[in-house]
Amino acid sequence: MTLAPFNPTPRTLMGPGPSDVHPQVLQALGKPTIGHLDPQFVAMMDEVKALIQYAFQTENPFTIAVSAPGSAGMETCFVNLVEPGEKVIVCRNGVFGERMRQNVVRVGGEAVMVDDEWGTPVSVDKVAQALADHPDAKFLAFVHAETSTGALSDAKALCALAQQHEVLSIVDAVTSLGGNELRVDEWGIDAIYSGSQKCLSCVPGLSPVSFSAKAVAKLEARTTPVPSWFLDQTLVMGYWGGGKRSYHHTAPVNSLYALHESLRLLQQEGLENAWARHRAMHEKLKAGLEKLGLSFVVDEASRLPQLNAVYIPEGADDGAVRSALLERFNLEIGAGLGDLAGKAWRIGLMGYAAREENVVLCLAALDEVLN
């Protein structure tokens, strides 16, 4: 059987990720592939590193793009920093806080859970109590922007608690990077990871990661081997470090071209402008959704502008509505996850998708399908 080339129908991606990819980023993917140790590529890696530092607002020397998606960024932090028997305060207010717990357990750590209701931010008071109750804890782990619910937690306050109790903070910024205020150095974040396919509007498959000097010191002081060869950052440091690069793995060359372009576009727009754009588009979407009678899962004070979780109206068929949007309007929105499965839709306004024409399309399509 001879197969034809694959040509997907273009979609407007307004789910929880991936997001719409900027045309210039798609164009960057098609540039000639060169070797991953080619001097040109090594020079571009240095630029990618500087651009990630800008996006995270950090001067951490150990700032890289892991050659795998955000879930691997999460695992990178836990397998490198947490040793068997070490206690980690894990905040769980959605799917990805639970994934943090699973990472702690898999590396042999002890997870002390701080649970909050889905759709609410992590409770700073509960975390303060947990840290007081467990003075032997080594880490505090939490999700800044919980993709499963659309709730934003106070990373600045939580990291201040971590510093006060002399524990290292591990922060999930997969959905917040580029969409919300995020200041790694100013807030004292020790280990942070994100993903390329959310507010950076790049192709999926890369995870920006940054470790503070304290996190690097913890890694270098390990008494047990890192339980993952590929994600062992003591090996990767020689590839992303300065001077002569040592071979570790074949980097995803063209995907890194795309990340370079997406981060360059973010820098060109300006971080504060990008944050303001996401907020402005959220306000337009919010007004339209409320006119349609849809209500939000998350209270306004802790609501993510780029991930809008709304309750499915009574009488509406979850799957049928999403299928109709896809088939009739080439528009993708997301289903609910976990506790919100079948109860909510997740409408993304991430990166290049946070545009007025997308908001107009989404509201008009929902209005027609629901009515």
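User: Where in the chain is Ser201 found?
Analyst: This is a predicted model. Look at the strands on either side: β9 covers 191–193 and β10 covers 207–211. Ser201 is found in the loop between β9 and β10.

User: What is phi of Ser201 near?
Analyst: Ser201 is a residue other than glycine. Even so, its phi is positive. The value is near 55°.

User: Is the peptide bond from Gly17 to Pro18 cis or trans?
Analyst: Start with the place: Pro18 is found in the loop between β1 (12–13) and α1 (23–29). Omega of the bond from Gly17 to Pro18 is near 5°. That peptide bond is cis.

User: Which word describes how α12 and α13 lie to each other: parallel, perpendicular or oblique?
Analyst: α12 spans residues 318–329 and α13 spans residues 356–370. They pack with their axes 10 Å apart, at an angle of about 120°. Roughly perpendicular ends at 115 degrees, and roughly antiparallel needs over 145. The two helices, α12 and α13, are therefore oblique.

User: Is the crossing of α12 and α13 left-handed or right-handed?
Analyst: The two helices pack at an angle of about 120°. α12 passes α13 in a crossing that is right-handed.

User: How many residues of the contact of α12 with α13 are charged?
Analyst: On the α12 side, the contact is made by Val321, Ala324, Leu325, Arg328 and Phe329. On the α13 side it is made by Leu361, Ala365, Leu366, Glu368, Val369 and Leu370. Nine of these residues are nonpolar and none is polar. The number of charged residues is two.

User: Which elements each supply at least two residues of the lining of the largest cavity?
Analyst: A search of the whole structure finds one cavity of 30 Å³ or more. The space in the largest cavity is about 50 Å³. Its lining includes Ile64, Ala65 and Val66, and also Gln233, Val236 and Trp240. Strand β2 covers 62–66 and helix α9 covers 233–240, and the elements asked for are β2 and α9.

User: How many charged residues has the lining of the largest cavity?
Analyst: Phe230, Leu231 and His249 are among the lining residues. By class, seven are nonpolar and three are polar.

User: Which elements give two or more residues to the lining of the largest pocket?
Analyst: The largest pocket holds about 290 Å³ of space. It is lined by 18 residues, and His144, Leu152, Ser153, Asp154 and Trp187 lie nearest its centre. The elements are α6 (155–164) and α11 (271–291).

Notes: Residues numbered from 1 in each chain as written. Predicted model: local features only at pLDDT ≥ 70, side-chain atom pairs only at ≥ 80, totals over all residues. Heavy atoms only, no water. Axes fitted to C-alpha atoms, helices over the stretch in contact; angles between N-to-C directions. Helix = DSSP H or I, 4+ residues; strand = E, 2+ residues; numbered from the N terminus. Parallel < 35°, antiparallel > 145°, perpendicular 65-115°, else oblique. Left-handed = near helix turned anticlockwise from the far one by under 90°. Contact = heavy atoms within 4.5 Å. Nonpolar A, V, L, I, M, F, W, Y, C, P; charged D, E, K, R; others polar. 1 Å grid on protein atoms, 1.4 Å probe; cavity = no way out; pocket = protein on both sides within 12 Å on 5 of 7 lines; lining within 4 Å. Points joined across faces, edges and corners; volume = space filled by probe spheres on them.
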